[in-house]
Amino acid sequence: MKKFGKIRFMLLISTFLVSIFLSACGSPNSDEAKSDENKAEEVTDSGEQVTIKFMTPWGADEVKSRLSDALEAKYPNIKIEHIGAFATAEKIQEANAANNSPDIMLVTDPFVTLNELEMTYPLDSLIAESNLDLTKFRDGAIDAIRLRDPEQQGRLLGLPFEDVVVNLFYNKDIFDKMGIEYPSETPTWDEVLDKAAKLAGKHGDSQYVGLATRGLSQAMLQLSAPGTNPETGEIMFEKDPAFAKYFDLIHRVVSIPDNVPAESEKDNFGFEKGNVAMILSFVNSANLYAHTEGLNFGMSSYPSWSELPGVLPNNVPLTLAINPNSEHMKEAFQVLEFAVSDENQKNLSIGGAPPVVKNAEIRQYMAGEDNVGVYNIDAAYKGEPAKPVYSPFGPDIFYYEANIIDDKTAEFIKLNGKEDINTFLRKMVEEYDAILKEKESKK
């Protein structure tokens, strides 16, 4: 049986996030530093010294820049101890066995693993007792998390920390050379594919890709179609027309002459290399592209379906969950509150990670502090998120972790139109049925 699972989260971190060490969230300078005695008094006044163990697949420097430097500067009584691992069942059990259980975990799946380990902790009561306003988060983020409660009770089992937003980037110089108008701020798929067809291929001495094939699976999220019936587990790939509609879109991309380079030529093309006219990429790629010499780019929202104008993909944000067995529940929630504060969300944005709050001023920093206001970051957010859907039988569509739709999209592209969509979907059903049966046998 073919294995679909891929770890894309590390690719997200290593390829698209440009880490900038944050002076704003560092320790005070020597002129402002307090003596050890005064600092000890401050810790005593603010509470007992507490160490919060934080499990995340990031590196230590990323944890410092994203959270711990600024947190520890503001709350000297709290120290973050990093456990470098994905919050998988194996890694959590290893940590528990070593008496090193995490207090907080970065969740990159829909809480199924934590639920099976009896380690889910609803935050609703803590939020009710706090001043945390859930309306500060971008529309759809909280709904997407509540929907993924494995017990389907709508509990909020974590707080969104970093967002996952994909949008359209375009190379202005290529458009200018061809005399083609730039994409609109809120383009449709029809508009984008029409422009891609005009741009792809050889023009003069240069060969161009009109639209790169990365990030296409997000279009499936716009259709709000679960791959299985949430009640029965029935596989819907053949029965729900949304899947045929989606793969027809992929077929249209593949059918553009010279738009998809041969496997042997793929490494010769890239948006940073200046020979890809349009690409679907993380919004925080603005930081990378803004600091790529000679790259003159613009930004639009993710293309929408003509019959669903302005409807954007609704991704599950990277989420922070608390271990119900933590001995420092109060401080753990304090860490979560700080992580989602405007202060720290700005730190994330400066460091090149997408904030999950809807404050437009904060996300302007994603292109770097030296480029605030230069690029049209807001274009990536123009529209309404699609209705979130979820089935406990899967498959979920992530831009990180395992993404079966993305895997099958890559496979369909490699076939280059040599297999009809109905046949392809039938094979998808057979393969996913085998996956479900294997999961069931392991219970």
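Helix α9 passes helix α11 in a right-handed crossing, meaning that the near helix is turned clockwise from the far one by less than a right angle. The model is predicted: local features need pLDDT of at least 70, side-chain atom pairs count only at pLDDT 80 or more, and totals for chains, interfaces and linings use all residues. Residues are numbered from 1 along each chain as its sequence is written, and side-chain values use heavy atoms, with hydrogens and water left out.

Stay with the helix pair. α9 covers residues 189-199 and α11 covers residues 241-254. Helices here are DSSP runs of H or I with at least four residues, strands are runs of E with at least two, and both are numbered from the N terminus. The two helices pack at an angle of about 20°, with axes 10 Å apart. Axes are lines fitted to C-alpha atoms, for helices over the stretch in contact, and angles run from 0 to 180 degrees between N-to-C directions. α9 and α11 are therefore roughly parallel, a label for angles under 35 degrees. Trp189, Asp190 and Leu193 in α9 meet Leu249, Arg252 and Val253 in α11. Contact means heavy atoms within 4.5 Å.

Now turn to the sheet. Five strands form an open, mixed sheet in the order β2-β1-β3-β11-β4. Strands pair if DSSP finds at least two bridges between them. β2 (78-84) and β4 (159-162) stand at the edges, each with a single partner strand, so one side of each has no neighbour in the sheet. From one strand to the next, the twist averages 30°. Strand β1 (residues 50-56) pairs with β2 in the parallel sense, over seven bridges. Phenylalanine 54 stands opposite histidine 82 in β2.

Valine 50 lies in β1. Valine 50 is buried, at 3% relative accessible area; buried means under 20%, exposed over 50% and partly exposed in between, with a 1.4 Å probe and protein chains only. Isoleucine 78 is 28 residues from valine 50 in sequence, yet 5.0 Å away in space, C-alpha to C-alpha. Beyond neighbours within four places in sequence, valine 50 contacts Asn77, Ile78, Lys79, His328 and Glu331.

Finally, the loops. Most residues other than glycine have a negative phi, and most peptide bonds are trans. Asparagine 99 has a positive phi of about 55°. Asparagine 99 sits in the loop between α4 (89-97) and β3 (104-107) and is exposed, at 69% relative accessibility. Serine 224 also has a positive phi, about 50°, and lies in the loop between α10 (218-221) and α11. A cis peptide bond joins glycine 394 and proline 395, with omega about -10°. Proline 395 is in the loop between β12 (384-385) and α16 (404-415).

Note on methods. Parallel < 35°, antiparallel > 145°, perpendicular 65-115°, else oblique.
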